[in-house]
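Please look at the structure on the screen while I take you through some of its features.

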Amino acid sequence: MTTHRISSALDDQARAILQGNDRGGYTIPTDGLYPYQWNWDSAFAAWGFSTFDLDRAWTELETLFSAQWDDGMVPHIIFHKQDPGYFPGPEVWGTNKTPATSGISQPPVAATMARLILQADPEAGRERIAALWPKIVAWHRWWRDYRCGTGVVAITHPWESGRDNCPDWDIGMAGVDGSNVGEYTRRDTGHVDPSMRPGKAEYDRYIAMVQFGRACGWDQREIVANGPFLMEDPGITFILTRANDDLAAMGRDLGHDVSEIEGWAADLRAAAPRLWNPETRGFDARDLKTGRFADRIASAAFLAYLAGVETPELAARMDGIWDAVRYGFPSADPAADSFEPRRYWRGPSWPVVNALLAIGLKDRGLDAAAERLRRETAELIEAHGFFEYFDPIDGTPCGGDAFTWTAAIWLTWAG
Ligand code: 2M8
């Protein structure tokens with residue numbers, strides 16, 4: 001009884017968060033800290049909306065794809081309306097797009113979310129997905145054409161991974177010169193506790209990468225060939241593999257020839273063993289400037305389940321890391337010196353990643369693990385509300401409050 005009452009009150013709050021963060025056709029991640037439309041946040045928001053407003057769910061994805069570039073890229077931020085509360089804003093990115101956007105992308109979860117929404121809305125949703133489908137294909141082709149040179153996905157900026165300051169990127173960040181970026185004022189540290197955010201040395205380098213992209217007119221070939229940062233990302237590799245499967249399945253139902261997309265998924269799966277680091281016994285990021293593995297293991301390594309990529313050691317490795325914390329899966333390895341349980345992507349538990357991990361676990365028949373992840377994530381939200389991320393050891397809520405994707409994950413999965 002009590003649990004049911006708590007749950008339905010939280011359902012109401014979660015819906016109110018999505019509606020409160022709705023800026024008219026798109027949803028911001030949270031008021032203040034992130035005042036624009038973010039790519040993968042929006043896809044999760046759409047999934048959340050689908051639990052109570054299917055039309056609004058599709059609209060979220062449509063607005064996201066309305067900012068797609070001619071080459072197929074879907075940018076990581078869309079600056080629909082200027083807001084001085086966020087840095088770096090549109091004038092720093094200088095992409096000259098309408099609407100204004102950033103110049104990098106983000107994890108391509110949209111196809112996977114679209115398929116989940118379509119399952120809830122098979123009839124009216126058919127028309128909506130029919131229009132979106134070729135746009136998603138063009139985006140996946142962009143990843144394939146520009147970022148899969150070694151067979152797996154490479155990123156040109158840590159922000160592209162969505163796991164901004166994860167220790168995965170330290171090795172590549174070390175090679176980026178952030179000493180000449182000039183003066184700038186961060187805004188994030190004015191909204192939330194700075195000890196839960198990346199440091200200045202990291203921000204200097206983030207900005208140096210943006211300045212490189214801007215200076216070459218956001219020429220992808222130039223950024224990949226000569227930009228300051230290029231690393232293979234297990235997270236996007238696995239997310240894109242799965243997203244290609246979902247895109248192919250939807251295309252098949254729409255009567256399209258999906259052999260090209262099936263080929264993309266097969267190629268990514270065939271290349272995935274390249275990310276296996278025998279030293280760390282896990283899927284690992286690799287710095288393509290030096291060819292060296294990061295020698296880290298992060299939550300993204302276990303998105304392998306989402307992609308249907310398995311190795312005999314995966315389950316034991318996952319349990320070992322998970323058992324070292326109490327609440328959900330940590331974004332970085334608790335046994336590593338770099339682990340910081342409250343600093344953003346260097347250790348905290350992220351409800352949104354927990355949800356993706358659980359989808360993969362469930363698909364592979366690992367129901368008990370999927371349920372454990374759901375329960376631990378639900379405990380965090382029940383105890384503290386809809387925060388951006390949480391300390392995985394003691395559950396302390398971190399970052400922004402009234403967070404869109406945490407609310408969405410509650411409505412669709414955790415609650
Ligand atoms: C965080 O990233 C942005 C830059 O994109 C930032 O810190 O300013 C990340 O957690 C990212 O994954 C997320 O999409 C974004 C908005 O929630 O915030």
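Let us begin with methionine 318, which is found in helix H14, residues 314-322. Please keep in mind that the model is predicted. Is methionine 318 buried or exposed? Methionine 318 has 22 other C-beta atoms within 10 Å, and it is therefore buried, the cut-off being 20 or more. Tryptophan 350 stands 32 residues from methionine 318 along the chain, and the C-alpha atoms of the two are separated by 16 Å.

In the loop between H14 and H15 we come to tyrosine 344. Tyrosine 344 has a phi near 60 degrees, a positive value in a residue other than glycine. Around tyrosine 344 there are 25 other C-beta atoms within 10 Å, so this residue counts as buried.

Although arginine 281 is not a glycine, its phi is positive, at about 50 degrees. Its place is the loop between strand E6, residues 276-277, and strand E7, residues 282-283. Arginine 281 has 16 other C-beta atoms within 10 Å, and it is therefore partly exposed.

I turn now to helix H17. How many of the residues of H17 are buried? The count is eleven of eleven, and the helix is mostly covered. Among the buried residues of H17 are Trp405, Ile409, Trp410, Leu411 and Trp413.

Two helices that pack with H17 deserve attention. Two packed helices are described by the angle between their axes and the distance between the axes.

The partner I take up here is helix H15, residues 351-363, which packs with H17 at an angle of about 30 degrees, the axes being 9 Å apart. H15 is therefore roughly parallel to H17, since angles under 35 degrees are classed in that way. The crossing of H15 and H17 is left-handed. On the H15 side, the contact is made by Pro351, Val352, Ala355 and Ala358, and on the H17 side by Trp405, Thr406, Ile409, Trp413 and Ala414. By class, this contact of H15 with H17 has eight nonpolar residues, one polar residue and no charged residues.

The other partner is helix H16, residues 367-384. The axes of H16 and H17, the latter spanning residues 404-414, come within 11 Å and cross at roughly 135 degrees. These two helices are therefore oblique to each other, and their crossing is left-handed. H16 contributes Arg374, Thr377, Ala378 and Ile381 to the contact, while H17 contributes Thr406, Trp410, Trp413 and Ala414. The contact of H16 with H17 divides into five nonpolar residues, two polar and one charged.

Next, the peptide bonds. A cis peptide bond joins phenylalanine 87 and proline 88, with omega about 0 degrees. Proline 88 sits in the loop between strand E2, residues 77-79, and helix H4, residues 90-93. The bond from threonine 98 to proline 99 is also cis, with omega near -5 degrees, and proline 99 lies in the loop between H4 and strand E3, residues 100-101.

Finally, the domains. The domain assignment gives domain 1, made of 2-77 + 106-157 + 230-414, and domain 2, made of 176-228. The centres of domain 1 and domain 2, taken over C-alpha atoms, are separated by 24 Å. Twelve residues from domain 1 and twelve residues from domain 2 take part in the contact. On the side of domain 1 that touches domain 2, the residues divide into five nonpolar, five polar and two charged. Thank you for your attention.

Key
Residues are numbered from 1 along each chain as its sequence is written. This is a predicted model: local features need pLDDT of at least 70, side-chain atom pairs count only at pLDDT 80 or more; totals for chains, interfaces and linings use all residues. Axes are lines fitted to C-alpha atoms, for helices over the stretch in contact, and angles run from 0 to 180 degrees between N-to-C directions. Helices (H or I, at least four residues) and strands (E, at least two) are DSSP runs, numbered from the N terminus. Angles under 35 degrees count as roughly parallel, over 145 as roughly antiparallel, 65 to 115 as roughly perpendicular and the rest as oblique. A crossing is left-handed if the near helix is turned anticlockwise from the far one by less than a right angle, and right-handed if clockwise. Two residues are in contact if their C-beta atoms, placed from the backbone, lie within 7 Å. Ala, Val, Leu, Ile, Met, Phe, Trp, Tyr, Cys and Pro count as nonpolar, Asp, Glu, Lys and Arg as charged, and the others, Gly among them, as polar. Domain bounds come from an automatic or database domain assignment. A residue is buried if 20 or more other C-beta atoms lie within 10 Å of its own, exposed if 12 or fewer, and partly exposed in between; C-beta atoms are placed from the backbone.
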